[in-house]
Amino acid sequence: MRKETRISRGRFLKVVGAAGIASSTLSILSGCTVGTTPQSSGGGGSDEDELSLYNWSDYVNPKTTLPNFEEKYGVEVTQDFFSDNEALLAKLQAGGTGYDVIVPSDYMVSIMRKSDIIQKLDRSKIPNFDNVDDDFRGLPYDPNNEYSMPYQWGTTGILYNKKELGEIDNSWEVMWDPEYKGEIAMMTDVRETMGAALKRLGYSLNTTDSDRLEEAKRLLLEQKPLLRGYFASFEVRPLVQNEDILLGHVYSGDGFLAIAENKDLDYVIPKEGGTRWTDNMAIPVGARHVDNAHKFINYILSAKAGASLTNYTYYGSPNEAARPMIKDEILDDPRIYPPPEVFNRLEAIEDIGEATRQYERIFTEVKSA
Ligand code: SPD
């Protein structure tokens, strides 16, 4: 069933359907540059009937999330995609995007608040905030949920070919194993890949210590000759899924989408720890359809929409009210909802202020070495 909506590597179904009228166009994504300027449907609907969503790929249930919203509110949704938080930030900083709802992760909400990129929400229009689990309210990047509402959460780990490798030791070390030269892919996501190296060294992935960051750089330089390359997570997935490579660094849901298609794969969270992240909905300053953006955020926080999202994406839901409708096989899967002893080894990526530049400089130097 998933195959019908999932197109070959690098291509995604772009959902553009007026209320009750399903139509679709292909958005062709190449390399790591993801996202285009939102287009109007030209279908005669008034400007007020539109919503432009800038999202991660594979992050809606194609059968329900956008079609049900469009039908319920008579609003046409256009969805474009970005590959990581830094690409999202760059796009918004360039200005004039016309996006109404964006989906930044935790630390990026903090950066966007400080840079006046996102606007305050009108909480009176989001009564479904009541459905949000206490664990996902008032997180440090937005302590009063003035600017953001949680969308989904997940982990980052290793998708691997179990048929070829057997059960692997769940350690980042496998991503540095010379035996798998050319069979490994890491993410282009700076905080995730620097984070993997820092965790392998036993450090916090939010460290601002220059010596530790230089050690991480040396480790990444040591790994580079072993890599097939650096890719966005959505590009790593098909490489492992189609058995082009054996090991890929992925966001958990991308791992489970691959496993759903290829039962010879598995996903592990390394024992040294890694990231757990929360993605959030926010409205950029300059959004053209602020009212529709609030409607969309409130709709996603409904129990039904929240459950339907997780039942497709395999990411955790911050929506307490959605829980009874989430499949047991997802709620009971320790790879998706890790037990406390695993969860407690994970860290959320934080806004580390000025040190962000150091991470970016180092990662750029590694990639261009
Ligand atoms: N396929 C959806 C991916 C969403 C990933 N968000 C991850 C943020 C990690 N820092």
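Of the 369 residues of the protein, 48% count as buried. The model is a predicted one. Its secondary structure comes to 14 helices and eleven strands. Contacts reach across the sequence. Take those between residues at least 6 apart in sequence: 74% of them join residues at least 24 apart.

Two helix pairs deserve a look. Two packed helices are described by the angle between their axes and the distance between the axes.

Start with α7 and α14. Helix α7 covers residues 210-223, and helix α14 covers residues 355-368. They pack at an angle of about 20°, and their axes lie 10 Å apart. Angles under 35 degrees count as roughly parallel, so α7 and α14 are roughly parallel to each other. Their crossing is right-handed. On the α7 side, the contact is made by Ser210, Leu213, Lys217, Leu220 and Leu221. On the α14 side, Gln358, Ile362, Glu365 and Val366 take part. By class, this contact of α7 with α14 holds five nonpolar, two polar and two charged residues.

Now move to α8 and α9. Helix α8 spans residues 233-241, and helix α9 spans residues 252-261. The angle here is about 25°, with the axes 9 Å apart. The pair α8 and α9 is therefore roughly parallel too. The crossing of α8 past α9 is right-handed. From α8 come Ser233, Phe234, Val236, Arg237, Val240 and Gln241. They meet Asp254, Leu257, Ala258 and Glu261 in α9. Sorted by class, the residues of the contact of α8 with α9 are five nonpolar, two polar and three charged.

Next, leave the helices for a loop. It lies between α4, residues 106-114, and β6, residues 149-161. Two of its residues have a backbone feature to check.

Asp116 lies in this loop. Its phi is near 55°, a positive value in a residue other than glycine. Is Asp116 buried or exposed? Asp116 counts as exposed, because it has 8 C-beta neighbours inside 10 Å. The cut-off for exposed is 12 or fewer.

Asn145 is also found in the loop between α4 and β6. Phi of Asn145 is near 45°, again a positive value in a residue other than glycine. A residue needs 20 or more to be buried.

Methods. Residues numbered from 1 in each chain as written. Predicted model: local features only at pLDDT ≥ 70, side-chain atom pairs only at ≥ 80, totals over all residues. Helix = DSSP H or I, 4+ residues; strand = E, 2+ residues; numbered from the N terminus. Axes fitted to C-alpha atoms, helices over the stretch in contact; angles between N-to-C directions. Parallel < 35°, antiparallel > 145°, perpendicular 65-115°, else oblique. Left-handed = near helix turned anticlockwise from the far one by under 90°. Contact = placed C-beta atoms within 7 Å. Nonpolar A, V, L, I, M, F, W, Y, C, P; charged D, E, K, R; others polar.
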